[in-house]
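Dear colleague,

Please find below the structure I wished to pass on to you. My notes on it follow directly after.

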Amino acid sequence: ASLQIGLKESDVTHLIKFSTAIGYDGQIYRNKKKQSVKITLYGKELIQDLISHGIHPNKTHTLKPWHGPAHLMPHYWRGFFDGDGCITSSLRKREYRQWVVSLIGTPAICRAFMRFVNIAYKPWVCKKSNLDVVHWSSIRPCKEIAMKLYDNATCYLDRKRMLVDQMLSQPVRENKIQVLTTKPMLVKLKKEHGSWEIVAKKLGVSRNGLYKHIRKLGINRRQWNRQ
């Protein structure tokens, strides 16, 4: 019985961290064609211990969430996120960088992760084969998730930690739409500017973002053009 741990070649330092932590002094194998690195561990007892904790072949498609002590859960989810999570960004208008945080896993894993982060912002959930993918695409929820995963962390995937630090250093723009707390306030802006599209531009928010806020305040979509 054996256990193989493989990463892309640029993440070799993470594999070295793991090897040091468990006292592994064997060889790190490099595959130049695939630009990957891996180590192989042998031992029946090691494999049985992993299986007893739900880690077995094809684990990504079958893994169930672990429910451990509260102080260990950030470390558990950070390790999971380092493996099956993603942080991306793109430059938007006015040189403002838009961030996206996502995680792929079984439906049970994704539901457990959403309970762990426990934030007011609802993610977008989509299906990928028999797995779920959860996305958050606003700077506020992305920052909250990053802080819950990486705050005071000493062990992490360096590449993702660099992205987290870059994201956390980005100031959050004032959300002008959130000050519009009543229906009459929005209706007044619509009457002043003539259309919701122009209102969105004046507020400096996306049209879809404004539409969501309109629905949140109880303005029925059929009434939009009559307001």
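The protein chain has an average pLDDT of 87, and 91% of its residues score at least 70. Among its elements, the highest mean pLDDT, 96, belongs to helix α5 (residues 107-117), while helix α10 (residues 207-216) has the lowest, at 76. Where pLDDT is low, the predicted coordinates should not be read in detail.

Strand β7 (residues 131-136) pairs with two other strands. It runs antiparallel to β5, to which it is joined by five bridges, and five bridges also join it to strand β6 (residues 124-128), again in an antiparallel arrangement. D132 of β7 takes part in both pairings: it is the bridge partner of G105 and also that of K127. Between β6 and β7 lie two residues, and the two strands form a hairpin. In the turn, S129 has a positive phi of about 60°. Because five of the six residues of β7 are buried, this strand is largely enclosed by the rest of the structure.

The residue I would draw to your attention is S102, which lies in strand β5 (residues 97-105). Its relative accessible area is 12%, so S102 counts as buried, the cut-off being under 20%. Beyond its neighbours within four places in sequence, S102 is in contact with V133, V134 and H135, as well as with F81, D84, G85 and C86.

Yours sincerely

Conventions
Residues are numbered from 1 along each chain as its sequence is written. This is a predicted model: local features need pLDDT of at least 70, side-chain atom pairs count only at pLDDT 80 or more; totals for chains, interfaces and linings use all residues. Side-chain values use heavy atoms; hydrogens and water are left out. Helices (H or I, at least four residues) and strands (E, at least two) are DSSP runs, numbered from the N terminus. Buried means under 20% relative accessible area, exposed over 50%, partly exposed in between (1.4 Å probe, protein chains only). Contact means heavy atoms within 4.5 Å. pLDDT is the predictor's confidence in each residue, from 0 to 100. Two strands pair if DSSP finds at least two bridges between them.
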